[in-house]
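Please look over the chain below before reading on.

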Amino acid sequence: MKRLLPIALAAFLPHSGLAVTGDKAEFKKIAEDVYAFVGKRNDANAMVVVTAQGVVLVDTGNNPPETRLLQNFIKSLTTQPVRYVVITQNHGDHTGGAPLFSPPANVIVHERVAKDWAAWKPYQIKSWRKRFRERSSALKDVNPIDTVLSFGENMTLHLGGKTIALVYVDDPYNPGDIAVWLPQSGVMHAGFVGYIDRHPDIRPDYSHGTTAGMLKQLEALAALQPKVMVPAHGPPGDAKDLHALTDYLLSARQKVRTMMAKGLPLAAIVKDFHMNEYKGWDRENHFEWLAETVHRELRGEGPQIVAISEKEAKGTIAHAEDEGRRLLVRPPSGRDLRLRITADTDIDGAATDRSQLKAGMKLTAKYQVPEGFNSPLGYDVTEMVVER
Ligand SMILES: [Zn+2]
């Protein structure tokens with residue numbers, strides 16, 4: 001679901017926006033027994049709810065080192081075990097830490113996410129089992145779907161005196177994004193639509209939903225009037241940040257609509273589209289996909305379908321960026337290759353997770369090439385073997 005597109009089209013460019021969180025992950029108490037884990041440099045956030053009947057963890061940290069930090073933080077708060085891991089969006093930076101807690105914890109996801117997990121390929125399951133080496137014997141006969149509880153519309157957990165509502169707002173292209181709402185304290189983890197100071201990552205394959213779907217979610221979530229809103233990335237905010245993103249999306253749609261009314265072709269719209277009035281927001285490299293997605297939506301088109309072919313390469317890492325998420329690889333001959341290491345890339349050999357990848361290491365990698373698409377900036381790796 002997340003690799004239909006040439007993800008790296010813009011992703012390899014240096015981030016043109018500002019990181020709005022600090023260099024180290026922070027833990028913030030946001031209500032009684034409720035804590036935000038604020039990812040470093042805009043990495044994914046998580047939320048912790050402590051109850052007398054166990055801990056509920058919402059999302060799981062960007063990389064194994066972050067997830068271990070999160071685990072240690074929970075241990076410093078309580079001796080209660082993590083009973084449930086709730087996933088707000090089906091992307092590696094939110095799901096990747098689940099195998100550190102589950103089993104014995106149950107993972108709770110929307111049924112669309114459960115369907116995706118049940119169809120995981122062998123490399124994804126292998127990667128999940130060994131992502132945390134300390135867990136490899138506990139997970140050797142476990143499949144990721146084995147501990148999953150899923151729901152179709154909404155679900156409410158009543159645990160140790162706490163009410164935890166999981167809110168799904170249906171639309172045909174919602175990939176299973178949910179929000180987590182704590183009515184007793186007015187705290188919300190807004191999931192995918194919780195954006196603060198960051199341009200939304202919305203793609204023409206609708207793998208991250210649509211702007212129309214996001215607007216529908218934002219309306220439902222804003223009606224709950226959260227006092228504290230934990231976004232997917234960035235510092236905690238409140239209800240006004242939900243309104244700000246609504247305004248942003250309405251404005252983006254209006255810009256594309258105006259250009260379409262003038263008869264501009266898609267290429268010109270993509271080239272001219274910007275949201276530069278949102279100065280200082282992170283990830284300006286999301287503009288092209290946003291314009292193209294809105295254009296499809298306004299024309300009433302379905303998601304873009306891109307066929308994927310698999311290739312293999314050998315080479316040496318010339319440059320590793322973003323804790324190993326993006327690599328420049330130099331093959332023995334020919335042009336350098338840009339590769340993207342996802343949360344479920346199966347990594348073997350001299351590295352146990354992507355954050356250990358360094359320049360000078362040799363690798364053999366299988367990667368996915370979206371056919372008929374010019375994607376000079378990088379391809380998703382499914383499996384790789386690393387040597388020093
Ligand atoms: Zn994310």
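A crossing is left-handed if the near helix is turned anticlockwise from the far one by less than a right angle, and right-handed if clockwise. Helices here are DSSP runs of H or I with at least four residues, numbered from the N terminus. By that rule, α7 passes α9 in a right-handed crossing. The model is predicted: local features need pLDDT of at least 70, side-chain atom pairs count only at pLDDT 80 or more, and totals for chains, interfaces and linings use all residues. Residues are numbered from 1 along each chain as its sequence is written.

Helix α7 (residues 239-261) packs on helix α9 (residues 287-298) at an angle of about 70 degrees, the axes being 9 Å apart. α7 is therefore roughly perpendicular to α9, a term for angles of 65 to 115 degrees. On α7 the contact (C-beta atoms, placed from the backbone, within 7 Å) uses Ala252, Arg253, Val256, Arg257 and Met260, and on α9 Leu290, Ala291, Val294, His295 and Leu298.

The domain assignment, automatic or from a database, gives domain 1 (20-248) and domain 2 (308-387). Their centres, taken over C-alpha atoms, are separated by 27 Å. Domain 1 puts 14 residues into the contact and domain 2 puts in 12 residues. On the side of domain 1 that touches domain 2, α5 gives the most, with 5 residues.

Definitions and conventions:
Axes are lines fitted to C-alpha atoms, for helices over the stretch in contact, and angles run from 0 to 180 degrees between N-to-C directions. Helices (H or I, at least four residues) and strands (E, at least two) are DSSP runs, numbered from the N terminus. Angles under 35 degrees count as roughly parallel, over 145 as roughly antiparallel, 65 to 115 as roughly perpendicular and the rest as oblique. Two residues are in contact if their C-beta atoms, placed from the backbone, lie within 7 Å.
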